[in-house]
Amino acid sequence: MPTLLMAVARRLMTMIVALFGATIIIFLILHLTGDPTTALLPDTATPSQIAAFRHANGFDRPIFVQYVEFLSHMVRGDFGQSLRYQSPALQVVLDRLPATAELMGISVLLTLLVSMPLAIFVAVRDNTAARALLRVTTVLGQGVPGFVLAILMIFVFSVQLHWLPSSGNRQFPQDLIMPSIVLASFTIPQVTRVLQTSLSEVLRSDYVRTARAKGLPPRSVYGKHALRNALIPFLTLLGVQVGVLLGGSVVTETIFGWPGIGQLMVQAISNRDYPVVQAGVAVVVVAFLVVNTLVDITYPWLDPRLRRAS
Amino acid sequence: MSTPAVTASAPVAVPSGRRELHGAARFARRHPVIAGEVVLIVLILLVSLAAPLLGFGDPNHGDLLQSVAKPGTSGHLLGTDVQGRDILTRVVFSIRTSVLISLAATVAALLLGLGLGLLAGTVRWLDTPIMRLVDIQMAFPALVLAIAVVAALGGASIVNVVVVLTVTGWVGYARVCRAMVLSLRNALFVDAARAAGATSTRIAWRHLAPNVLPTLVAMAVAQFPMLMIQEASLSYLGLGVPASTPTLGVMMQDGQQALFTAWWPCVEPAIVMAVLVLILTSLGDYASRALNRT
């Protein structure tokens with residue numbers, strides 16, 4: 001057990017280092033060009049206004065001092081006031097969290113519903129036709145960019161057939177259909193491919209052959225022996241896919257006018273609302289890191305072999 | 001795409017150009033789909049790169065009297081957009097911009113990843129800092145990092161897009177390069193070079209890099225279409241090239257606002273994008289499978 005605790009501690013350390021590095025990048029969003037005053041003030045500001053603003057916000061101090069202050073505020077969740085919404089930037093971002101979470105949750109569900117049966121089918125059949133089906137699906141999935149799929153779907157289902165709303169989230173559940181399909185299209189190809197590979201590998205292993213030789217029914221061989229072991233690389237991948245979904249949601253939300261964090265960040269950049277951009281990036285990074293750390297920490301519990309190895 | 005292995009079976013006196021044609025024909029017979037895709041992509045690239053020579057005019061020139069002309073209107077094969085600009089011309093110039101940006105970013109990301117990967121693998125005290133940098137970068141979903149970098153660089157320009165794509169793209173190369181270097185470091189040929197008095201720098205560049213490069217190039221072939229997608233996403237979101245430069249993403253963004261009255265300004269570039277990326281993805285898939293076989 002102590003070795004397991006050590007592994008968990010090491011994993012947490014990596015997360016903290018990455019988080020610390022991320023704060024530098026988030027700080028630089030506003031400070032890379034040197035002086036954020038020009039970015040924050042409108043072009044019409046007079047030189048005396050600029051000087052006053054610079055001094056009032058402490059932008060005339062050494063950059064290291066500014067970073068430490070930024071960090072100390074950030075740890076307390078203070079990213080400053082949103083320049084557009086006139087409320088704390090973090091609050092503006094967190095208000096959009098439920099919409100993004102809803103979209104991502106449905107997309108994960110959709111990914112599982114499509115990927116698992118497809119991967120199991122291909123791995124169990126294991127013939128040329130099944131593998132060709134898999135390759136076509138993955139190349140199509142990776143090859144058609146999400147926003148192209150989105151536009152084609154809007155054209156067909158909203159413009160031509162008038163079946164689904166083209167944007168917004170006011171018509172539950174019709175409003176969710178197209179955005180969640182588009183978002184799931186980011187994850188389905190890779191998830192299917194990895195699950196199929198690991199399942200095929202397990203099916204070729206000795207203990208599955210033994211289970212078959214004992215005369216166990218296929219359901220028990222596939223369900224109890226094979227699938228459970230094939231799920232481990234699949235779980236790790238799901239952690240990575242959360243990042244893909246977070247990135248994909250930026251595009252998806254903007255296209256479908258879905259009021260989540262992604263759409264907020266894109267708007268905040270055009271509005272030069274830097275505190276909101278910083279708070280948004282921070283929330284996404286923290287969520288992503290926490291999910292991945294949890295995945296890494298959990299799977300020694302799922303796979304006793306990893307417990308002994310670490 | 002000729003295969004040098006053909007020389008063995010070819011007649012002795014065939015001139016080399018012909019021999020290569022022979023090889024290409026044989027490749028085409030074995031892999032008709034791949035060969036077709038190669039021909040198609042080369043054609044598309046040639047047309048878009050030579051666009052000014054082929055009589056395509058200014059992609060930003062619009063005739064408001066010709067606003068949203070239907071596809072097939074004389075002089076406008078793909079129709080015109082809301083501002084009366086010829087869509088075919090804009091598509092051709094868009095492909096040119098997208099390909100040049102993605103190519104520049106792919107090469108830059110590969111070189112950066114190769115350099116940092118070699119450093120991490122050969123210089124012991126640099127290993128940890130470089131790998132921590134990789135960890136930090138992995139904490140950002142690619143598009144979110146792109147947003148952060150665009151915001152930090154202060155807006156849209158072609159150079160900024162290349163920088164963004166490079167920054168988001170180098171990590172994979174660096175990790176693979178480092179891993180390969182770590183396993184090659186104790187190989188016999190490295191020992192031999194060291195015994196012959198080669199410096200570490202020379203070993204890295206002349207002995208390790210050439211061994212790592214083929215794998216990285218295959219990765220680059222697979223990554224190129226992904227960078228094209230990212231470039232188009234950024235342009236679509238208004239975070240890529242300035243709107244005055246036509247790209248497929250910018251065209252879709254423009255066209256989407258009028259989608260309910262005229263579909264072609266938005267859907268046509270979307271289809272072009274899908275076809276282009278599909279072909280490139282399929283070629284990348286073939287490249288990585290071919291590499292795995294050897």
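In this predicted model, let us begin with helices H4(B) and H6(B), where Val134(B), Gln137(B) and Met138(B) on the H4(B) side meet Val171(B), Ala174(B) and Arg175(B) on the H6(B) side. Sorted by class, the residues of this contact are four nonpolar, one polar and one charged. H4(B) covers residues 124-138 and H6(B) covers residues 158-184, and their axes come within 10 Å and cross at roughly 140°. The handedness of the crossing of H4(B) and H6(B) is left-handed.

Now set beside that a second pair in chain B, namely helix H3(B), residues 87-122, and helix H8(B), residues 200-236, which pack at an angle of about 145° with their axes 7 Å apart. The crossing of H3(B) and H8(B) is right-handed, and the residues of this contact divide into 15 nonpolar, seven polar and one charged.

Chain B has ten helices and zero strands, while chain A has 13 helices and zero strands. The C-alpha atoms of chain B fill a box of roughly 75 × 60 × 30 Å along the principal axes, and those of chain A fill a box of roughly 85 × 60 × 30 Å, taken in the same way. Of the 294 residues of chain B, 40% count as buried, and for the 310 residues of chain A the share is 36%. If we take contacts between residues at least 6 apart in sequence, then 72% of those in chain A join residues at least 24 apart, and in chain B the figure is 64%.

Next comes the place where the two chains touch, a contact that takes 38 residues from chain B and 42 residues from chain A. On the side of chain B, the elements that give two or more residues are H4, H5, H8, H9 and H10. Which of these elements gives the most to the side of chain B that touches chain A? That is H10(B), with ten residues. By class, this side of chain B divides into 29 nonpolar, six polar and three charged residues.

The nonpolar residues bring me to the core. The largest nonpolar core has 144 residues, and those that touch the most other members are Val281(A), Val144(B), Ile147(B) and Ala148(B). Leaving aside residues up to four places away in sequence, Val281(A) touches Ile26(A) and Ile29(A), and also Val144(B), Ile147(B) and Ala148(B) of the other chain.

I will finish with a residue in a loop, Arg170(A), which sits between helix H7 (146-160) and helix H8 (174-203) of chain A. Is Arg170(A) buried or exposed? Arg170(A) has 9 C-beta neighbours inside 10 Å, and because a residue with 12 or fewer counts as exposed, Arg170(A) falls in the exposed class. Although Arg170(A) and Trp258(A) are 88 residues apart along the chain, their C-alpha atoms are separated by 9.6 Å.

How values were computed
Residues are numbered from 1 along each chain as its sequence is written. Chains are lettered from A and ligands numbered from 1 in the order in which they are written. This is a predicted model: local features need pLDDT of at least 70, side-chain atom pairs count only at pLDDT 80 or more; totals for chains, interfaces and linings use all residues. Axes are lines fitted to C-alpha atoms, for helices over the stretch in contact, and angles run from 0 to 180 degrees between N-to-C directions. Helices (H or I, at least four residues) and strands (E, at least two) are DSSP runs, numbered from the N terminus. A crossing is left-handed if the near helix is turned anticlockwise from the far one by less than a right angle, and right-handed if clockwise. Ala, Val, Leu, Ile, Met, Phe, Trp, Tyr, Cys and Pro count as nonpolar, Asp, Glu, Lys and Arg as charged, and the others, Gly among them, as polar. A residue is buried if 20 or more other C-beta atoms lie within 10 Å of its own, exposed if 12 or fewer, and partly exposed in between; C-beta atoms are placed from the backbone. Two residues are in contact if their C-beta atoms, placed from the backbone, lie within 7 Å. A nonpolar core is a set of buried Ala, Val, Leu, Ile, Met, Phe, Trp, Tyr and Cys residues joined through C-beta atoms within 7 Å.
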